[in-house]
Amino acid sequence: MFKPQAMNKVELIIPEHEVVRTTEALAASGIFHHIPTAPLTIGIPSRGIDEWQTWTTELVALERRILMVMEELRIDEGPPPATPPHIIEPRVAERDIERLEHEAEAPIRDLEAARRRLTQLQKYVNQLAPIADLDVDLGMLRDLRYTFVMLGSIPVTNIERLESSLEHIPCVLITLRHEGHLATVVLFGLQQDAAVLNRAARSAYLNPLILPEDYRGTPSQAIAALQAGIERTREHIAEYEMEIARLQEMRVRHLRHLLWRVRASHALAHTITGYNHFQHTYLVTGWVPAASLPTLEQTIGRVSDKVVIEVIKPREEDIEHIPALLKNPPILKGFEGLVTTYGQPGYEELDPTPIMALTFPLVFGLMFGDIGHGLVLLLAGLLLAGRKIRALSGMAGFGVVIALCGGIATIFGVLYGSLFGFEDVLTALWFRPLEDINKVLLFAVAVGIVLLSAGMLYNMLNAALSRHWGHFLFNHNGLAGLIFYWSLIGLGARTFGVAIPIPGTVLVLTAVIGGIGLTFAEFFERLVERRRPLFEEGMGTYIAMAFFELFETLIGLFSNTLSYVRMGAFAVAHGALSMVVFIIAESVGNASSVGYWIVVILGNLFVIGFEGMIVGIQTLRLEYYELFSKFFSGGGTPYRPLSLVPRQGQLGASESTGG
């Protein structure tokens, strides 16, 4: 659980005609982490890398076409299949897609056309509605030879502008009706002035009513005909939608299956392009957990007895590239997600997940101590972890994090004597932050000292496991740094009158020894690990810089320790914010009024939601920037087993094989 699982490097020599079946088997095994390599082609193969690259390009285009058909038929992708689908060649998939496109094309095209027609008919009705009571034949107006007539709508503010522009043109502008900021008008003039009148109307944003030739008669008659057309169009739309719904029901499984087949085929083709290709064979390289090696051999053996498997022990230059398979139990997956958000643990690096699972809820609970608020978070976390909230089922792993934080907050609430902000209901088993601010701040600093020391110990353990003894002894987060830090803490405690069983002279001596170790840390590290030269830039330059680095380390330790004061500050702020809620509630009414309790309930919900989020962010900051910086580099490679389709329930790359 503390260290990633041991890995073996594996090389497979696969005959060309077995490459597809073998790749499918590697993906189905869920244990093979493929290392893509630059293609190396020798000779003239029957099916080379170039052909697989062509597959990749064609399959991407085919996937896009399938998604377009699914979007038109309102079909979603659905979940990934439980087992990888069979591979499909691009030409076969294209024939299938063309048939589906042709099948869906007519009803979709007709539906879109009918919807456009419905919109246009409704627009005509809206334009005619203001003049529905006019007893004028629209067809007659359209067929006048010597008179220009334009009926339409215009912004009210532009009427005067239109009249001014036509001041010297013989015409009449009649306003029929006002409706909001628009007015319905009719413009009469001479046909010989039609060009001028049209130009003036356009500049004034007069939107003319242009009816199709088949709509004649008075406006009321045209509206009746348009309404009949609208009803017919709606019937057609319903028919087309029924046809599309029938297609959707018939083709939903087919389209989803085809989509995942194309995606799996694309993943396979893309994977094969990362193989080294010789005349009749492929060379495939990857990593496999040492414990799963027999499983891989059995899986490949069932597919082909012609695949050669060679196991290679990791070399020194491979260490930084070996993928790290974390081995945390399912209950810690949420904390593992928080760790990998910061960085991926390296292969020879201790996994910070266990220490984060211990410290994160502790820090959160100290800042958010309240029995009621903690129990609400505990319940919410359990609901989330139990996937009771379907919309948030993808975050089930973080439910455990929330539940543990709520549980520790409840414990601190008992110690603080706080229940939903009420400070006078329960007796504090320890102290109340608002009444003893100095105590809570000192306790926060003490917790910070313990956590920082734990980070240094973790760093030393990392160094010991990787046999970097110089780093173990003299790094500023190593043994010298720990001795220096605790000596300064002891001297500081004695200064403030705290009884320390260690004599002051001993503390001064250990502080000096630790300080010397830190000052010349690089020199001592190179000396212990037998690296040369001992001084890269000369002794004088090194000594001048060393004292500045010691001062920087001292400032860093001091600031890191003081950063944890914020835990106590937030514990006080939590109580103060709850007090504000009750002050507002009392201003609304007394404790027996409904308004009082409405404010109390809403105020507590605000504290749980808003302040809970802020405290969570601060906790994450302390973990990332104060604790992790002591021992965690986070530059590792995540373990991602080869897969042709995503695995169901997969929350992260490291969970692919169950961690």
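Trainee: Which residues lie nearest the centre of the largest pocket?
Mentor: I449, L488, I489, G492 and A493, out of 28 lining residues. A pocket here is an open set of points on a 1 Å grid over the protein atoms alone, where a 1.4 Å probe fits, with protein on both sides within 12 Å along at least five of seven lines; lining residues have an atom within 4 Å of a point. Bear in mind that this is a predicted model: local features need pLDDT of at least 70, side-chain atom pairs 80 or more, while totals for chains, interfaces and linings use all residues. Numbering runs from 1 along each chain, and side-chain values leave out hydrogens and water.

Trainee: Which elements give two or more residues to that lining?
Mentor: α13 (437–465), α15 (479–495), α16 (504–519) and α18 (539–563) do. α15 gives the most, with 8 residues. Helices are DSSP runs of H or I, at least four residues, and strands are E runs of at least two.

Trainee: How does the lining divide into nonpolar, polar and charged?
Mentor: 23 nonpolar, 5 polar and no charged. Asp, Glu, Lys and Arg count as charged; Ala, Val, Leu, Ile, Met, Phe, Trp, Tyr, Cys and Pro as nonpolar; the others as polar.

Trainee: And the second largest pocket, how does its lining divide?
Mentor: There the residues split into 6 nonpolar, 12 polar and 5 charged. The lining has 23 residues, and E348, E349, S466, H468 and S633 lie nearest the centre. α13 gives the most to the second largest pocket, with 3 residues.

Trainee: Switching to strands: why is β8 largely enclosed?
Mentor: Because 7 of the 9 residues in β8 (residues 281–289) are buried, that is, under 20% relative accessible area with a 1.4 Å probe.

Trainee: What joins β1 to β8?
Mentor: Strand β1 (residues 7–15) runs antiparallel to β8, with 9 bridges between them; L12 is partnered with V284. Strands pair if DSSP finds at least two bridges.

Trainee: What about β2 and β7?
Mentor: β2 (residues 33–34) pairs antiparallel with β8 over 2 bridges, and H33 is partnered with W287. β7 (residues 276–277) also makes 2 antiparallel bridges to β8, N276 being partnered with L283. A hairpin of 3 residues joins β7 to β8.

Trainee: Last one: how far apart are the end C-alpha atoms of α3?
Mentor: They are 55 Å apart, which agrees with the 57 Å that the 39 residues of α3 (residues 90–128) should span. The expected span is 1.5 Å times one less than the number of residues.

Key: Buried < 20%, exposed > 50% of the residue type's maximum accessible area, 1.4 Å probe, protein only.
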